[in-house]
Amino acid sequence: MLALTDLGQRLRQERESKGLSLEDLQKLTKIQKRYLLGIEEGNYEVMPGKFYVRAFIKQYCEAIGLDTDAIFEEYKSDIPSTQTEDMPQQLSRVRSRKEIPQHTKGVSKAYDYLPTVLVVAGVVVVGIIIWVIAQNIVSDKNKEQANQEAPKSEVQQSNTQEETNETTAKNDNSKSEDEQSAADKKEQEKEKAAKEKAAKEKAEKEKAKKEKAEKEKKDSGKQEYKEVQKTGRSATYALSGTDAFNLEVTSTQADTWLDVKNGKGNAFFSSILKKGETKEFDLTKETEARVNIGYSPGVELKVNGKAVDLPFDSSKQVRQVVTIQYQPAEAQ
């Protein structure tokens, strides 16, 4: 990196004091950043020509608010001059033909037109330089305008995309809500059907229970439950005068072994009857039932809802076997 010139250091300090970066200055002056850096470093070799050096320094000063004339005067030793160097003094034309060799007459005549040619060439060069600068300025303006319009176009495109996404999201949400609504409706219908089914089953059970109770009540008035035989720990009873044979066994004091079979030896229950538990048996289709009670204290028997006594004293006969012979009323 080159050492800063006095002018370059002055310009850089002034730029930084105004909080401007080289990128900011490039936007203000439309001068490429590398040329601005070349001015600050005194590296004028990167410039297209001496005329550009003075023109770019002038724009730099104007952009940061410095007096151009004062800067050019103060730092004229740092700024290259574009003025044409004085030509060597022309040879005098008032020399005799004898003094001027004949072969140099054509050359002398050509020297007479040289200043005019140089002036014309200078004008052409200046015109070309001005045209190039103008084209660069127009190009930079077009680029800046394109850069300004591009974000706008991107914003419009972004807004359009956001609207499209929002519309799609709304449609998806609407579809999702419809699907959820349909699913909820289906679930509600399913729950309703389940409740109706449960209510119907409950009503049927209550109806059957009520009919059973009414029948037991009706039959209890005329049913007979009488002892037929008693021996050891076993007793036999006859049940008649009723069209139903429903047996209930409840253990109120302790767990007990309970075995209930029909006359053919087929078991309806053969397990532990826990304390406080009740077992019900519909034996209407049977002609005989055998009830084996392992621990009779606290055990209660009901036939068609009516309590019946155990055949033996439980304190004396812990294990008891009760056989009930059943004859339906309509068969009598």
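Trainee: Which residue forms a salt bridge with Lys18?
Mentor: The partner of Lys18 is Glu14, and the closest N and O atoms of this salt bridge are 2.7 Å apart. The term applies to a side-chain nitrogen of Lys or Arg within 4 Å of a carboxyl oxygen of Asp or Glu. Keep in mind that this is a predicted model, in which local features need pLDDT of at least 70 and side-chain atom pairs count only at pLDDT 80 or more, while totals for chains, interfaces and linings use all residues. Residues are numbered from 1 along each chain as its sequence is written, and side-chain values use heavy atoms, with hydrogens and water left out.

Trainee: Is Lys18 buried, exposed or partly exposed?
Mentor: Lys18 is partly exposed, at 42% relative accessibility, where buried means under 20% relative accessible area, exposed over 50% and partly exposed in between, with a 1.4 Å probe and protein chains only.

Trainee: How many salt bridges are there by that rule?
Mentor: The count is nine salt bridges. One of them joins the side chains of Glu74 and Arg10, at 3.6 Å from N to O. That pair links distant parts of the chain, 64 residues apart, with Glu74 in helix H5 (residues 68–74) and Arg10 in helix H1 (residues 6–17). Helices (H or I, at least four residues) and strands (E, at least two) are DSSP runs, numbered from the N terminus.

Trainee: Which residues are linked in a network of salt bridges?
Mentor: Arg12, Arg15 and Glu40 are linked in such a network. Elsewhere, Lys76 and Glu73 bring their side chains together in a salt bridge of 3.6 Å, N to O, and both of these residues are exposed.

Trainee: Which residues make the contact?
Mentor: On the H3 side they are Tyr35, Leu36, Ile39 and Glu40, and on the H4 side Phe56, Ile57 and Tyr60, with contact meaning heavy atoms within 4.5 Å. Tyr35, Leu36, Gly38, Ile39, Glu40 and Glu41 are the buried residues of H3, and their cover includes H1, helix H2 (22–29) and H4. After H3 comes Gly42, whose phi is positive, near 75°.

Trainee: Switching to strands, what is the order in the sheet of six strands?
Mentor: The order is S1-S2-S10-S7-S4-S5, in an open sheet with mixed pairing, where two strands pair if DSSP finds at least two bridges between them. Strand S1 (224–231) and strand S5 (267–273) are the edge strands, each pairing on one side only. Neighbouring strands of this sheet are turned against each other by 15° on average, direction ignored.

Trainee: How many bridges join S1 to S2?
Mentor: Seven bridges join them, and the two strands run antiparallel. They form a hairpin with two residues between the strands, and Gly232 in the turn has a positive phi of about 60°. Ala235 in S2 is the bridge partner of Lys230, and Ala235 also stands opposite Val322 in S10. Strand S2 (residues 234–240) pairs with strand S10 (residues 320–326) in the parallel sense, over six bridges.

Trainee: And which strands form the antiparallel sheet of four?
Mentor: That open sheet has the order S6-S3-S8-S9, with strand S6 (278–282) and strand S9 (306–308) at its edges. Its twist averages 25° from one strand to the next. Strand S3 (residues 246–251) is joined to S6 by five bridges, and Glu248 has Glu280 in S6 as its bridge partner.

Trainee: What share of the whole chain counts as buried?
Mentor: Of its 332 residues, 25% count as buried, and the chain has six helices and ten strands. Among contacts between residues at least 6 apart in sequence, 64% join residues at least 24 apart. The chain exposes about 23300 Å², of which carbon and sulfur atoms supply 50%; such areas come from the Shrake-Rupley method with a 1.4 Å probe, and for residues only the protein chains shown count as cover.

Conventions
Axes fitted to C-alpha atoms, helices over the stretch in contact; angles between N-to-C directions.
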